[in-house]
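Subject: Structure handover

Hello,

Here is the structure I promised to pass on. Please open it alongside this message.

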Amino acid sequence: MQVDVVILGAGAAGLFCAGEAVRRGRSVLVIEHNAAPGEKIRISGGGRCNFTNLNCSAERFLSQNPRFALSALGRFGPADFLARVEASGIAWHEKTGGQLFCDGPATQIIAMLLRGMAGAALWTGTSFAEVVKEDHGFAVQTSRRPVRAGRVVVATGGKSIPKMGASDAGYRIAAGFGLPLVPMRPALVPLTFAEQELAWMKPLAGTALPSARLSHRVNKRRQSFDDAVLFTHRGLSGPAVLQISSYWREGDMIVLDMSAGAGTAARLRELRATRGRQAVATALSTILPERLARHLAERAGFSGNLADVPNAGLERLDRLVHALELRPVGSEGYRTAEVTLGGVATEALDPRSFEARNVPGLHFIGEVVDVTGWLGGYNFQWAWSSGWAAGQAV
Ligand code: FDA
């Protein structure tokens, strides 16, 4: 079989790129080892697909060169993808922070992408072995039959959630052609803790802190996220934790403010003046979930009444609530990570076409590239933007 373009991976980036290439008259074959295309889209955003974010800017992406993403994001940005969504009649809504979700099931986005690439061949349930450069293009060995193509687009995504089809195939292809890789690690992932911390966290499993702040400092740079934090049997999860996990490294400390914006010492002083006979834990539970309030009162050594706690004690409680230093020991890994940090180094790719500088005709798009977005629709936008850009060039 001979086509103009072979796209490896029928995820967000691959499907969108296929549509653009078909629109430009190219013959396209998409190869996918899962039985169905777009599996991550299907389960994304709690089944509603957070398909973009209106606030895309360089600082919302992690990469050795965050500016690399700007060219593609500028040429095909959130408004452009939203226009496609609206043209397809898909109802959507905005949540906090510019996050856009479908009103209905995420499968509408998959259906839109498949309609957009009508005319392309899609081989699901098909694996590929190797990609070999020939004089005029590439030969790709697949489990169906050999394919020849003028161009190959690698859109195999990251390593996150292997049971959904994630593989390291794209990284292996890049390495095989001598492209540099930025070391990969799980990101947007729950953090785990050692037994000592788990002893107090585990009984709180299921408890949420809806307006927490998590901060992390590396050298002089401080990154913090205001969002919910959730206690789990293994440690901490929730949006603020997933966000900070992309910045955290082994050995680093994170600082948890359990109730950002609340002045705990001032609140407790007020209560001490009016309800001094209240137990410390009861007073704290006006700010925090009860189980957590009880734990913090115990941890600070206050089992009695509020009236017996001196100002210095209230300040100690305030620091526990607003600046609790925690040292995660690890993360839940690729099993639950939403994305993979690192990947094909951007310096090896042309930012307009996503073509490898040293291998004409070979393109890398989406998560396999060293560009990783924050939680909130940024990663799909990266898939659309990079898929669109490569689609104009293949
Ligand atoms: P993607 O992973 O989508 O596609 C790669 C494809 O290649 C897969 O279909 C895979 O099976 C296939 N493949 C891999 N190896 C292969 C091989 N050897 N042979 C054949 N095929 C192969 N982002 C966001 O912006 N908003 C959101 O709401 C969410 N929600 C979300 C929820 C969950 C649970 C996860 C795990 C992730 C998200 N994300 C997200 C992240 C988002 O899903 C992700 O960044 C994009 O899907 C990346 O798009 P790609 O096309 O690059 O990879």
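Below are the ground rules, then the overall picture, the ligand site and some individual residues.

**Ground rules**

This is a predicted model: local features need pLDDT of at least 70, side-chain atom pairs count only at pLDDT 80 or more, and totals for chains, interfaces and linings use all residues. Residues are numbered from 1 along each chain as its sequence is written, and side-chain values use heavy atoms, with hydrogens and water left out.

**The chain as a whole**

The chain has 13 helices and 21 strands. Both are DSSP runs, numbered from the N terminus: helices are H or I with at least four residues, strands are E with at least two. The C-alpha trace spans about 85 × 40 × 35 Å along its principal axes.

Of the 394 residues in the chain, 55% are buried. Buried means under 20% relative accessible area, exposed means over 50%, and partly exposed is in between (1.4 Å probe, protein chains only). The chain exposes about 16,500 Å², and carbon and sulfur atoms supply 49% of that. Accessible areas come from the Shrake-Rupley method with a 1.4 Å probe; for residues, only the protein chains shown count as cover.

Take the contacts between residues at least 6 apart in sequence: 73% of them join residues at least 24 apart. Contact means heavy atoms within 4.5 Å.

**The ligand site**

The ligand is surrounded by 31 residues. The closest are Ala-13, Glu-32, Ser-167, Glu-367 and Phe-380.

Three of these residues come with polar distances. A polar contact is a pair of N or O atoms within 3.5 Å; within protein, one must be able to donate a hydrogen and the other to accept it, and residues adjacent in sequence count only if both atoms are side-chain atoms.

- Ala-13: a polar backbone atom is 2.8 Å from an oxygen atom of the ligand.
- Ser-167: a polar side-chain atom is 2.6 Å from a nitrogen atom of the ligand.
- Glu-367: a polar backbone atom is 2.8 Å from an oxygen atom of the ligand.

On its own the ligand has 990 Å² of accessible area, and the protein covers 93% of it. Helix H1 (12-23), helix H2 (39-47) and helix H13 (378-393) each give two or more residues to the shell. By class, the shell has 12 nonpolar, 15 polar and four charged residues. Here Ala, Val, Leu, Ile, Met, Phe, Trp, Tyr, Cys and Pro count as nonpolar, Asp, Glu, Lys and Arg as charged, and the others, Gly among them, as polar.

H13 is largely enclosed by the rest of the structure, because 14 of its 16 residues are buried. Its end C-alpha atoms are 23 Å apart, which agrees with the 22 Å that 16 residues should span at 1.5 Å a residue. The expected span is 1.5 Å times one less than the number of residues.

In helix H6 (residues 169-176), Ala-169, Gly-170, Tyr-171, Ile-173 and Ala-174 are buried. The buried residues of H6 pack against strand S1 (2-8), strand S8 (128-134), strand S10 (147-154), S11, S19 and S20. Just after H6, Gly-178 takes a positive phi of about 80 degrees.

Most residues other than glycine have a negative phi. Leu-188 has a positive one, near 50 degrees. Leu-188 lies in the loop between strand S11 (181-187) and strand S12 (191-192). Its relative accessible area is 1%, so Leu-188 is buried.

Phe-354 also has a positive phi, near 65 degrees. The loop between strand S19 (339-344) and strand S20 (362-364) holds Phe-354. At 0% relative accessibility, Phe-354 is buried.

Met-112 sits in helix H5 (residues 107-116). It is buried, at 8% relative accessibility. Not counting residues up to four places away in sequence, Met-112 touches Phe-81, Arg-84, Val-85, Ser-88 and Ile-90.

Gly-97 is in the loop between strand S5 (92-95) and strand S6 (99-102). It is partly exposed, at 48%. Beyond four places in sequence, Gly-97 contacts Asn-53, Asn-55 and Tyr-378.

Thr-372 lies in strand S21 (residues 372-373). It is buried, at 1% relative accessibility. A polar side-chain atom of Thr-372 lies 3.3 Å from the backbone oxygen of Thr-340.

Best wishes

Key: A residue is near a molecule or strand if one of its heavy atoms lies within 4 Å of it.
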